[in-house]
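Thanks for coming, everyone. Please bring up the structure on your screens, and we'll walk through some helix packing and then a cavity.

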Amino acid sequence: MRSVTLPDQTRITASPAAAPSALRIALIIALAHGINDAYASIVPPLLPRIMDDLGISIALAAVLGAAFSIATALPQPFFGYLGDRFGRRTLAVGGMLVSAVFVSIIGFAPSYWVLLVLLVAGGLGGAAFHPPGASYAVRLAAGKGGGARYSIFSFGGAAGYSVGPLVAVGLVAWGGMERLWVAMLPALLLAPFFFIGLPSGRAEVRSAAPAPPPGEILRQLAGPLGIVFGISSAMTFVQRAFLTMEPIIVAEMGGSEALGAVALSVYLGAQAFGTVAGGVLTDRMDRRVLLFRLCALALPAHLLAVWLGPWNALGLTAIAVAGFLGMSTLPPIVVMAQEMIPRAPGASSGIVMGLAWTVGSIGVMGTGVVADAMGPQAAALLSMPVAGLAALLALHPGLKWMRTEGGG
């Protein structure tokens, strides 16, 4: 048997026999993640069409995207805490179903405000899914390899996210916005299999030390957890700004809805491979150095991606590199957060994912306002340097204690 000593002196013991079970669970939750996140990427490529149909500005379109992102993100610490206290399975599978149903019926929305309500409801489903999903994947109790297991989970989500734009545009081209309802079918069909294949988590909750109270968890933001939260917020803003603005940039330059969807799918598809690389490196490198290098490289990559656009092979390559580098930061961020509060893996994941995603998404609303005044490309270019702030935060001395599991 082996053990892992964590920063708060909590000791988690696992036997080698736990590894196959942990891998199986990671694969199941990765597939569920892919289906869940496909719905999260349906909206951005349809924003130009929604703007035309409803007669709204770029700023109001950005509010739609931001509201959905905030609903997906802000409640995550709360849902994570519920999963840590009472078990994860109902939240994970139920959240995926809620996201699938409400996002898939946005084509029936008769007005801007009804559309906003449907997106918020769909976002809450994603919020319920992510923290228990991440804790299923990392499973600190299974010992070494949490970064690699999280990369499997994150790869599934990024792969689904990359498919979403193409599915959305394809369904709309086939039968208009109302035909989006078909997108809910995979979630409805597979949810029973996910529920059967995942452990409830209640046995782990009963046998583990109780999760710390919410106030104690939030106080951790005054320390290293707050630094990692800041890195995640900054990188989220950069990525959400690109995803929101790029289809609008393409449309304003005379490109088709399909070309905007291709740009997003290239970016998101590269993110899937970036999360695998980030997860593997998380288990092998000094995580502080890893985050600095990834964030520093993401800055010029995103500037080039926005500047060149999806008009030729060079531009698509820049978009792919930007997506790869941006998402590769997520595995080390999540693993570091769970190690900081090992008795609350769902809540800690919710903070550096959900709460951080909220902050980043709120910033995108500002990008939308700038886009109305200066144009979407200029607004996107002005947003990308925030990745440099993330790189500087990664050098903060408060993260020096974070090393690989092997002590590297």
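Start with handedness: a crossing is left-handed if the near helix is turned anticlockwise from the far one by less than a right angle, and right-handed if clockwise. Helices here (H or I, at least four residues) are DSSP runs, numbered from the N terminus.

Some ground rules. This is a predicted model, where local features need pLDDT of at least 70, side-chain atom pairs count only at pLDDT 80 or more, and totals for chains, interfaces and linings use all residues. Residues are numbered from 1 along each chain as its sequence is written, and side-chain values use heavy atoms, leaving out hydrogens and water.

Now the packing. Two packed helices are described by the angle between their axes and the distance between the axes. Axes are lines fitted to C-alpha atoms, for helices over the stretch in contact, and angles run from 0 to 180 degrees between N-to-C directions.

First pair: H13 and H15. Their axes come within 10 Å and cross at roughly 150°. H13 passes H15 in a left-handed crossing. Who touches whom? From H13, look at Arg287, Leu290 and Leu291; from H15, Pro332, Ile333, Val335, Met336 and Glu339. Contact means heavy atoms within 4.5 Å. By class, this contact has six nonpolar, no polar and two charged residues. For the classes, Ala, Val, Leu, Ile, Met, Phe, Trp, Tyr, Cys and Pro count as nonpolar, Asp, Glu, Lys and Arg as charged, and the others, Gly among them, as polar.

Stay on H13, residues 287–308, and turn to H18, residues 386–394. These axes come within 8 Å and cross at roughly 165°. H13 and H18 are therefore roughly antiparallel. The crossing is left-handed. H13 brings Arg288, Leu291, Phe292, Cys295, Ala296 and Leu299, while H18 brings Ala387, Gly388, Ala390, Ala391 and Ala394. That contact divides into nine nonpolar, one polar and one charged.

Next, H11 (residues 224–252) with H17 (residues 376–383). They pack at an angle of about 160°, with axes 9 Å apart. That makes H11 roughly antiparallel to H17. H11 passes H17 in a left-handed crossing. Among the contact residues are Phe237 and Met245 of H11, and Pro376 and Ala380 of H17.

Last topic: cavities. On a 1 Å grid over the protein atoms alone, a cavity is a set of points where a 1.4 Å probe fits but cannot get out; lining residues have an atom within 4 Å of a point. How many cavities of 30 Å³ or more does a search of the whole structure find? Two.

Technical notes
Helices (H or I, at least four residues) and strands (E, at least two) are DSSP runs, numbered from the N terminus. Angles under 35 degrees count as roughly parallel, over 145 as roughly antiparallel, 65 to 115 as roughly perpendicular and the rest as oblique. On a 1 Å grid over the protein atoms alone, a cavity is a set of points where a 1.4 Å probe fits but cannot get out, and a pocket is an open set with protein on both sides within 12 Å along at least five of seven lines; lining residues have an atom within 4 Å of a point. Grid points are joined across faces, edges and corners, and a volume is the space filled by probe spheres set on the points.
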